[in-house]
Amino acid sequence: MCGIIGYIGAGDVCRIIVSGLKRLEYRGYDSMGVAIGNGGTIEVRKGAGRIDDLVNRFHMLDLKGDRGVGHVRWATHGSPNDTNAHPQLDCTGKIAVVHNGIIENFDELKRMLEARGHVFRSQTDTEVVAHLIEEELKKHADFEAAFRSALRELRGSFALGVVYADDAESLYFARMESPLVLGVGDHGMFAASDVPAFLEHTRRVVLMDDGEYAILRRNSWEVKEIESGRTVPKEVHEVSWTLEMAEKGGYPHFMLKEIYEQPEAIAATLAGSLKRIGEFADMLYNHDKVILVGMGTSFHSALFGKYILQRVLGITPIVEEASEFRYLYDGVLDDDTLVVAITQSGETADTLAAIKLAKRSGSKVLSIVNVVGSMATRLSDGVIYTHAGPEIGVAATKTYTSQLAVLAALAFTANDDRDGINDLRKVPEKIRETLNVRDRVAELADVVRDKRGFFYISRGVNVPTAMEGALKLKEISYVYAEGLSAGELKHGPLAVVEEGTPVIAIAPADDLYKKTLMNVEEAKARGAFTVLLSDEHGDGDAADFQIDMPEMNPLLTPMVYAVPLQLLAYELAVRLGRDPDKPRNLAKSVTVE
Ligand code: F6R
């Protein structure tokens, strides 16, 4: 996830763009840059680092111009450094491009363009867009035609902004599966990834749809179809958001926004990782021993990894908390071992220590990481990125389900299981469907708001889901919860169950459903308030409260069943007056052991 903005009009153009970028910082903050057009020239200033530092370092506010584009980056292709920061330029330096999304066919395009003499400077997928437009300009007399022709070559997702030195009257934008909205001001026109970027200047917006491009001029805007070039009639809407509401996309908390971003995060993760995952899948077969490590939520992903790799590939990985790994494996690792380190931040001290021990012992390390360029990525032999975008809420939500998506993709790819991959591609849609249970979850939160101890139970692939549900609840509502296998309940924990204790069962209608239901009955017989998450609707009174889930491939249910549990933790935290985005005693990156 990155953020883009463009402005053409009166006033201090660069200052307007920089202040817009600050409002988009939640979308990315590893690098930033601007391209400011002034008549027939454009000047680019960009680098890796935080906005304020870069603005000072490059004296950005001294730039004068009549139009420009800007970008905040959250690296996907190429590590965060000055060269990979956007805007990216063509060979002539006349076309500057900012981009949010992933150009899936950038390898092919780059090879074709290099064969035609284009020289690439960065490792980004974005740079191909600048060179492609330059190439198309050789065939088309006007810039708009070249721009549209280039857009038609692109596969993947993009919100693009382009400034062209030889066209001082216009800015160009396009949208395909990445957000982009236009702002209609009194003194100029805007385009941005999100409304807050220009909200201090105008509340009048034009919503762009996938497959459209826009041309902005000082006093006018026009939206057209990429495919046909036909003008698309659009309405101007007036938004009533405050700036603070708008930054969170209208959601009261980042955590809620990030829960709702999961379909997009998983789709982006699959788009970004599926192509390259084959080489990593081979690593699983080439080692005698596979050990999955992580902490907290990432440890739960590792547990899911064990189930899916075992069920799909028949291999038997070991799972360890990274903090315990060193006490168990010092002196016993060798080059026949593959350690799969799972870490959103790539900076968790315990996980880094595990990676270092593995490397010292001659083992290979494959990391699954969200933050490009983080320490884990630098220490590992291979990296698979989740493309979930920055996660601001301390509680991991979209990065968790994206990690699960990578693990499932890895297992299905290694087994060449096309049906599995197809089912995986349907997961974003299943999550979208599941997000509709929010009201039902809110009802449940009202019923259990005064409870002080919760159990989450399941069997098989959803035991990690139960553990993750309990962790989310503890973390943001400060209410004690335990997540465990349903079979374990009667071996001790059942003694704690009393009248009204919530016992939440995660039980998709698979071969383990009936067994889990028996455990629900055991709990119910001891007075528990039982809750069932299932796509089995036949046993109407099996539990005191049911949340209906969509039918789907049972192996992939953990990604979808995590969603109501995240929502429940959120709803309870809000009812108990906690701040879900900043739970007490916790930090987003735990860089101490
Ligand atoms: C829980 C949570 C933590 C992290 C853990 C590991 O919501 O966010 O449990 O999962 O601190 O962090 P990463 O994945 O960055 O290594």
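**Sheet, helices and a buried leucine**

A: Eight strands make an open sheet, ordered S3-S2-S4-S1-S10-S9-S11-S14, with antiparallel pairing. This is a predicted model: local features need pLDDT of at least 70, side-chain atom pairs count only at pLDDT 80 or more, and totals for chains, interfaces and linings use all residues. Residues are numbered from 1 along each chain as its sequence is written, and side-chain values use heavy atoms, with hydrogens and water left out.

Q: Which are the edge strands?
A: In general, strands of a sheet pair through backbone hydrogen bonds, either parallel or antiparallel. Here, strands (E runs in DSSP of at least two residues, numbered from the N terminus) pair if DSSP finds at least two bridges between them. S3 (41–48) and S14 (237–238) are the edges, each pairing on one side only.

Q: How many bridges join S9 to S11?
A: Three, between residues 181–184 and 204–207, running antiparallel. Val 181 has Leu 207 of S11 as its bridge partner.

Q: Is Leu 352 buried or exposed?
A: Buried means under 20% relative accessible area, exposed over 50%, partly exposed in between (1.4 Å probe, protein chains only). Leu 352 has 9%, so it counts as buried. Leu 352 belongs to helix H12 (residues 349–360); helices are DSSP runs of H or I, at least four residues.

Q: What does Leu 352 touch?
A: Contact means heavy atoms within 4.5 Å. Leaving aside residues up to four places away in sequence, Leu 352 touches Gly 346, Glu 347, Met 375, Ala 376 and Leu 379.
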